[in-house]
Amino acid sequence: MGKVKIKKSSTVIDMTAMSDVTVLLLTFFMLTSTFLQKEPVQVITPPATSENKVPDEKLVQVLVAPDGKVYMNLTGAKDSTQLSTETFRTEVLQFAYDKYCETHPGMPKLTASQAKEFSKIGTFGVPMKDLTKWLDMTLEKRDEFLKEKGGIPIELSVKDGTTRNEFQTWLLAVKHVMGGHGEDLGRHLIGGQGVAIKAGQDAPFSHVQMVMDNLQTEKLNKFVLMTSLKAEEEK
Amino acid sequence: MAKKDKSRQKKFDTRIDFTPMVDMNMLLITFFMLCTTMLKSQTLDLALPTNDKVDKEEETKIQESNAITFILDATVDKTGQKASNSKLYYYTGQGNEEGAALTDITFGNGKDQIRGFLQERNKDLLKEVNKLKERWKKGEIADTTYNNEVKKAQARQAQDLTAKRPIVIIKPTANACYADVVRMLDEMQISKVSTFMLQPLNKQDSTLYEQKVGHALGAK
């Protein structure tokens with residue numbers, strides 16, 4: 001009787017191919033995706049068929065939270081010799097803060113470290129009186145504050161632009177800084193590709209209207225609304 | 001002796017176990033999938049008139065009888081954060097004529113819905129655009145040429161005072177849903193309406209609204 005030979009097969013699988021695939025996938029993800037922006041609130045933008053992409057540089061993004069609070073996010077030019085994001089943010093902060101201090105004496109001085117801190121922050125939006133305090137906070141505290149007591153004051157007092165609210169002061173600062181860094185940038189802003197409004201689809205229109213009114217008062221009549229792509233209808 | 005030693009030299013396995021490498025890669029992939037986004041947001045361009053004194057030209061434009069005014073409305077819930085139950089009305093002309101009243105209309109592609117309604121009124125331009133589209137489909141003209149030609153055709157139509165074209169005025173109430181406003185603006189793009197504007201409601205609109213809905217604007 002012949003012995004039944006049990007074939008002993010190796011349980012080791014060659015992982016090289018698997019590794020190849022994962023590295024490829026990893027490369028793909030790293031190259032095609034962009035990091036999610038940290039925002040105090042998540043909003044779902046309304047669907048539209050428009051295919052225009054949101055500009056990824058030289059942009060002021062205005063985020064309208066569902067409760068009507070307004071936040072801003074500044075992005076400089078990709079070509080950092082023109083206007084880097086850091087310079088953009090620092091200069092805007094400096095200008096806006098100085099402007100605010102003109103009408104509100106007794107405000108604490110803005111320190112260099114606070115300005116530096118500000119240049120690293122993506123989405124901001126606290127009342128000016130809390131700004132220096134906010135910049136001194138730790139990261140977690142800052143996020144919490146932004147969510148609970150944040151929001152740039154936006155109520156319009158006069159429509160002719162003689163007295164500015166804080167949101168308008170920021171806009172003025174943006175206009176000043178962009179205009180000061182070359183005519184191209186100024187034109188870019190006025191031309192409508194420099195301001196984007198991001199609001200949730202369920203938001204009542206009055207919130208967005210408020211932002212639009214403010215932009216209009218600052219003579220930024222052209223801007224873009226951020227939307228998400230809806231299934232393509234025939235062109 | 002020496003010969004025997006040589007033959008016994010240990011042979012190293014040159015294979016490396018890749019399992020830890022795969023583990024690590026998988027972790028990295030998971031990280032990238034969770035922390036990044038592939039989608040870039042789209043945008044819709046919008047231009048508002050200046051706040052400066054409205055010039056005469058603008059006013060005469062609105063006087064035209066082929067103006068269509070859409071009023072967007074919705075109900076906002078108690079928290080004041082969510083608008084739902086949206087409504088859409090329209091009236092043609094200036095709204096101060098005898099018997100002017102709001103008519104219901106809905107979003108959609110149908111003949112009686114907003115798409116059909118606008119496209120019926122913008123037939124002439126759409127015919128032109130369709131011709132261009134045919135050529136674009138055949139590959140005769142490039143994407144950019146197509147877009148430019150459409151823009152030119154729109155500009156031509158806007159200049160031509162005798163052209164039959166809709167002039168759309170979009171008036172969202174404070175309660176209107178933002179998504180509806182965007183959708184309305186999107187419809188303008190789709191139907192290639194050359195002149196449209198976003199305006200707040202005036203007194204006359206409020207009166208018409210009250211007649212239609214039965215309560216004043218903003219009241220429950």
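Leaving aside neighbours within four places in sequence, Lys58(A) is in contact (heavy atoms within 4.5 Å) with Thr75(A), Gly76(A), Ala77(A), Gln82(A), Met178(A), Leu185(A), His188(A), Gln193(A) and Gly194(A). This is a predicted model, in which local features need pLDDT of at least 70 and side-chain atom pairs count only at pLDDT 80 or more, whereas totals for chains, interfaces and linings use all residues. Residues are numbered from 1 along each chain as its sequence is written, chains are lettered from A and ligands numbered from 1 in the order in which they are written, and side-chain values use heavy atoms, with hydrogens and water left out.

Lys58(A) is located in the loop that lies between strand E3 (52-53) and strand E4 (59-64) of chain A. With a relative accessible area of 15%, Lys58(A) is classed as buried; buried means under 20% relative accessible area, exposed over 50%, and partly exposed in between, for a 1.4 Å probe and protein chains only.

Chain A as a whole contains nine helices and eight strands, where helices (H or I, at least four residues) and strands (E, at least two) are DSSP runs numbered from the N terminus. Chain A is more spread out than a compact globule, because its radius of gyration is 24 Å, well over the 18 Å that the globule rule gives for 235 residues. The radius of gyration is taken over C-alpha atoms, and the globule rule is 2.2 Å times the number of residues to the power 0.38. The C-alpha trace of chain A spans about 105 × 50 × 35 Å along its principal axes.

Of the 235 residues in chain A, 46% are buried. Contacts in chain A between residues at least 6 apart in sequence join residues at least 24 apart in 67% of cases. The charged side chains of chain A comprise 29 positive (Lys and Arg) and 30 negative (Asp and Glu), with His and the chain ends not counted. The centres of these two sets lie 6 Å apart, the place of a charge being taken as NZ of Lys, CZ of Arg, CG of Asp or CD of Glu.

In chain B, an automatic or database domain assignment gives domain 1 (59-120 + 165-220) and domain 2 (123-164). The C-alpha centres of domain 1 and domain 2 of chain B are 26 Å apart. Ten residues of domain 1 of chain B are in contact with twelve residues of domain 2 of chain B.

Glu120(B) belongs to helix H4 (residues 114-121) of chain B and is partly exposed, at 38% relative accessibility.
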